[in-house]
Amino acid sequence: MIRRVAVVIPAANVERRIGRCLAAVAAARRHLQSGRADITIRTVVVLDGCHDGTAMIAAASRDVQTVAVSAGSAGAARRAGVSAALAGAGRPSELWLANTDADSQVPASWLTEMVTEASRGAHLVLGTVLPGMTLDPLVRAQWLSRHHLRAGHPHVHGANFGIRADAYLALGGWPPVLTGEDAELARRAARSGHLRIARTASIPVLTSVRHSGRAPRGFSDYLRDITVPAAEAVSG
């Protein structure tokens, strides 16, 4: 049974977005504890080379632990956050690691749904994401046409990724790579042959629509890739 939850959030100069992210996580924490008051929840924000106001905003937020690194990598930052969450956490099989991004907003039922899936035997929960409403409508339509937002979907997003701590440790943890750490960890889980993976569309996370990001071939690059064909479709 899951008795502890750790929310791990890598953050790199996101002072304009981290406040909304933490407010959404706080709402998800309250939602879970309204039904499971026995669960202990902590939020770990990994400040990866931040030189703006991100650290100050995170430190001022209630029940948030901060960890400072200079990794320049979401994978390494996530790994550092999990290491902090594991410290003194007791049995790994009773700890759920919920991962999101600092420029994203989780739904209120996010943690509740993940813990429910864990109670059904899931070792890993892969959720979906939705681009923010400020995205150009044509580009948003292109994005939605390429994503299957339903149970059993094939997508992997670090912004909506939950895993039981014992499974995380058995798989070797987040790879400290510049990009694709989420897909790699999910591939390891699938190759293991004995871990149960739940792919759900019931807890979509709202993501940033920035067209510039730190991860090579990450979400920002993907948005740029579909922006060009969409613009050509209009001009043609």
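Visitor: What is a disulfide, and how many does the structure hold?
Guide: A disulfide is a pair of cysteine sulfur atoms within 2.5 Å. This is a predicted model, where local features need pLDDT of at least 70, side-chain atom pairs count only at pLDDT 80 or more, and totals for chains, interfaces and linings use all residues. Residues are numbered from 1 along each chain as its sequence is written, and side-chain values use heavy atoms, with hydrogens and water left out. The number of disulfides in the structure is 0.

Visitor: Is Cys-21 buried or exposed?
Guide: Buried means under 20% relative accessible area, exposed over 50%, and partly exposed in between (1.4 Å probe, protein chains only). Cys-21 has a relative accessible area of 1%, so Cys-21 is buried.

Visitor: Which residue forms a salt bridge with Asp-38?
Guide: A salt bridge is a side-chain nitrogen of Lys or Arg within 4 Å of a carboxyl oxygen of Asp or Glu. Asp-38 is partly exposed at 44% relative accessibility. Its closest N and O atoms in the salt bridge are 2.8 Å apart, and the partner is Arg-36.

Visitor: Which residue meets Arg-120 in a salt bridge?
Guide: The N to O distance of this salt bridge is 3.6 Å.

Visitor: Which residue forms a salt bridge with Glu-184?
Guide: The closest N and O atoms of this salt bridge are 3.7 Å apart.
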